[in-house]
Amino acid sequence: MTSMLLSRLHYPVHNLGFGRRAGIWFQGCTIYCKGCVSRDTWPFEPSSGVRIDEVAQWLRSIPFDAIDGVTISGGEPNDQPVALTELIAEIHRWRSCTTQPIDILLYSGRTPRELGDRFDWMRGNVDVLVSGPYIAAGATDCALRGSANQIVHTFSELARTRYPADTLESDYSGQRRDISVHVDAESIWMVGIPTDGDMRKFEQQLASRGVDLRRTSWLT
Ligand code: SF4
């Protein structure tokens, strides 16, 4: 069984797509966007390896009536193409067991041109692709995108219903862009796409409450 390098699994995710979602973050990225807030996902750490069937098992533990979609991000998922292909095949097998609509939204820091044949493959295998690197100079507060150069491709009917083109600029399905913050034993981590200056404000607010961050996944 194929393995993937995994940064994190999280459920529920409310801000990277429609409704309640499962989030799967790949570990490892070779794009190195300036201004990336997820630098912790850059190294390809062998110790982060998990089998794809273990990820699928985690997904299957979520009841179908409690999930609207799966968001896959990173890191750069396409830096592990075999694992990504297998993961998405597993998600297809899982969602074929229900009539409940479940969309697959994939983030890639590569442009359609760079993706080449993989872009055609995505057209037939994911509902939504957000493509392109993060470019700090073009930072935006558009829903789903960190910078204006990124493109939201809606490949399926479900995607076009849930992510209509005329609402992608600011919000979709009544949701606005935000970030959610989670705390575990060793770290504070977030889900979502911060807008320009958010991380500085976040650090200042934590400092005012006496929290001193030793290391961050972003540069301010
Ligand atoms: S924004 Fe995404 S694609 Fe760009 S360096 Fe960060 S993890 Fe990689």
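Trainee: Which backbone oxygen lies 2.6 Å from a polar atom of the side chain of S48?
Mentor: The backbone oxygen of E45. Keep in mind that this is a predicted model.

Trainee: Where does S48 lie?
Mentor: S48 is in the loop between β2 (21-26) and β3 (49-51).

Trainee: Is S48 buried or exposed?
Mentor: S48 is buried, at a relative accessible area of 10%. Buried here means under 20%.

Trainee: And what is S48 in contact with, leaving aside neighbours within four places in sequence?
Mentor: With M4, L5, L6 and Q27.

Trainee: Changing topic. How many salt bridges does a search of the whole structure find?
Mentor: Eight. One of the pairs is R21 with D103, where the closest N and O atoms are 2.6 Å apart. R21 lies in strand β2 and D103 in strand β5, so this pair ties together parts that are 82 residues apart in sequence.

Trainee: Are R21 and D103 buried or exposed?
Mentor: Both R21 and D103 are buried.

Trainee: What else does D103 form a salt bridge with?
Mentor: With R162, the closest N and O atoms being 2.7 Å apart. D103 is in strand β5 and R162 in helix α5, so that pair ties together parts 59 residues apart in sequence. R162 is buried, as is D103.

Trainee: Which residues are linked in a network, then?
Mentor: R21, D103 and R162 are linked in a network of salt bridges. As background, side chains of opposite charge can pair when their charged atoms come close.

Trainee: What about D53, which side chain does it meet in a salt bridge?
Mentor: That of R51, at 2.9 Å from N to O. D53 is partly exposed, with a relative accessible area of 25%. R51 also counts as partly exposed, at 38% relative accessibility.

Trainee: Back to β2. How many of the residues of β2 are buried?
Mentor: Six of the six, so β2 is largely enclosed by the rest of the structure.

Trainee: Which residues are on which side of β2?
Mentor: R21, G23 and W25 are on one side, and A22, I24 and F26 are on the other. Both faces are covered, since these residues are all buried. In a regular strand the side chains alternate between the two faces of the sheet.

Trainee: How many bridges join β1 to β2, and do they run parallel or antiparallel?
Mentor: Five bridges join strand β1 (residues 3-13) to β2, and the two run antiparallel. V13 has R21 as its bridge partner in β2.

Trainee: And in which sense do β2 and β4 pair, parallel or antiparallel?
Mentor: β2 and strand β4 (residues 69-73) pair in the parallel sense, over five bridges. The bridge partner of A22 in β4 is V70.

Trainee: What does the side chain of S156 make a polar contact with?
Mentor: With the side chain of D127, at 2.7 Å. S156 is in the loop between β7 (151-154) and α5 (157-162). S156 is buried too, with a relative accessible area of 16%.

Trainee: Last one. Where does P164 lie?
Mentor: In the loop between α5 and β8 (171-172). P164 counts as partly exposed, at 26% relative accessibility. The C-alpha atoms of P164 and H10 are separated by 26 Å, and the two residues are 154 apart along the chain.

Key: Residues are numbered from 1 along each chain as its sequence is written. This is a predicted model: local features need pLDDT of at least 70, side-chain atom pairs count only at pLDDT 80 or more; totals for chains, interfaces and linings use all residues. Side-chain values use heavy atoms; hydrogens and water are left out. Helices (H or I, at least four residues) and strands (E, at least two) are DSSP runs, numbered from the N terminus. Buried means under 20% relative accessible area, exposed over 50%, partly exposed in between (1.4 Å probe, protein chains only). Contact means heavy atoms within 4.5 Å. A polar contact is a pair of N or O atoms within 3.5 Å; within protein, one must be able to donate a hydrogen and the other to accept it, and residues adjacent in sequence count only if both atoms are side-chain atoms. A salt bridge is a side-chain nitrogen of Lys or Arg within 4 Å of a carboxyl oxygen of Asp or Glu. Two strands pair if DSSP finds at least two bridges between them.
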